Amino acid sequence: MSFDRSIKIAPSILASDFANFGAECTAVEAEGADWIHVDVMDGHFVPNITFGPSTCAAIRPHIKGVMDVHLMIAPVDPYIDAFAEAGADVLTAHIEAGPHIHRTLQAIRAAGMKAGVALNPGTPAEAVAEVLDIADLVCVMTVNPGFGGQRFIDMRDKIRALRALIGDRPVHIEIDGGVDPMTAPLVAEAGANVLVAGSAVFKDGSVQNSSPYGANIKAIRAAAEGVWT
Ligand code: DX5
Ligand code: ZN
């Protein structure tokens, strides 16, 4: 996985058909997805439960590109090896999930994955200042995590602060929550380059009729890239 700051669209399968994850991943990659975003929730760190490492392992063979696993669980450390074995390329843990984010990020890298740190809307950019040298991605939540389809919370000041803190380091800024063609240019202009989108990608389509996925991805990408032209 080489690093660059081009816009990457990462559809979240939280908004896809849970009985058809394999086919949904194949369809959305064929329609232009750059990464596949996989939301793991434990009903403890967030008020919703999705699935764990065994489901990630089952999905993995259906993803050609990057499998971007977002852990909304606490604790994280006991499960890092399981997600490495499941084939995660990027493993992101919340800074709010425990007292030892530095240890967690080191353990994720030691297990052979790219290490991500996610920030809830209430957590400031400065909270990650001391771990930027051991992180590959910072995920700025633009909703309170737990559910898809929520309203975008404007975190542009935090994104700008993070972009300045990151400087030349090869660290992605990922945005998660309420990303659509209206909000994508706002966050891209502020410095984000990985855009997670659930509802806005999977709406109007299905495995049998996947062309809306392509149109939705194109619309988000064009809106985000448009801020540079
Ligand atoms: C929210 C998840 C998101 C979610 C985004 O807790 O982390 O990845 O799927 O969904 P949308 O794009 O519908 O806001
Ligand atoms: Zn997510």
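Tutor: A molecule sits in a cavity or pocket if more than half of its atoms lie within 2 Å of its grid points. On a 1 Å grid over the protein atoms alone, a pocket is an open set with protein on both sides within 12 Å along at least five of seven lines, whereas a cavity is a set of points where a 1.4 Å probe fits but cannot get out. Ligand 1 sits in the largest pocket. This is a predicted model, in which local features need pLDDT of at least 70, side-chain atom pairs count only at pLDDT 80 or more, and totals for linings use all residues. Residues are numbered from 1 along each chain, and side-chain values use heavy atoms, without hydrogens and water.

Student: What makes the pair between Gly146 and ligand 1 a polar contact?

Tutor: A polar contact is a pair of N or O atoms within 3.5 Å. A polar backbone atom of Gly146 is 2.8 Å from an oxygen atom of ligand 1, so the pair qualifies. A backbone N or O atom of Gly198 lies 2.7 Å from a ligand 1 oxygen, and a polar side-chain atom of His37 lies 3.4 Å from one.

Student: Which residues come nearest to ligand 1?

Tutor: Of the 20 residues around ligand 1 (a heavy atom within 4 Å), Asp39, Gly146, Asp176, Gly198 and Ser199 come nearest.

Student: How much space lies in the largest pocket?

Tutor: About 320 Å³ lies there, a volume being the space filled by probe spheres set on the grid points, which are joined across faces, edges and corners.

Conventions: Chains lettered and ligands numbered in written order. Polar contact = N/O pair within 3.5 Å; in protein donor to acceptor, adjacent residues only side chain to side chain. 1 Å grid on protein atoms, 1.4 Å probe; cavity = no way out; pocket = protein on both sides within 12 Å on 5 of 7 lines; lining within 4 Å.
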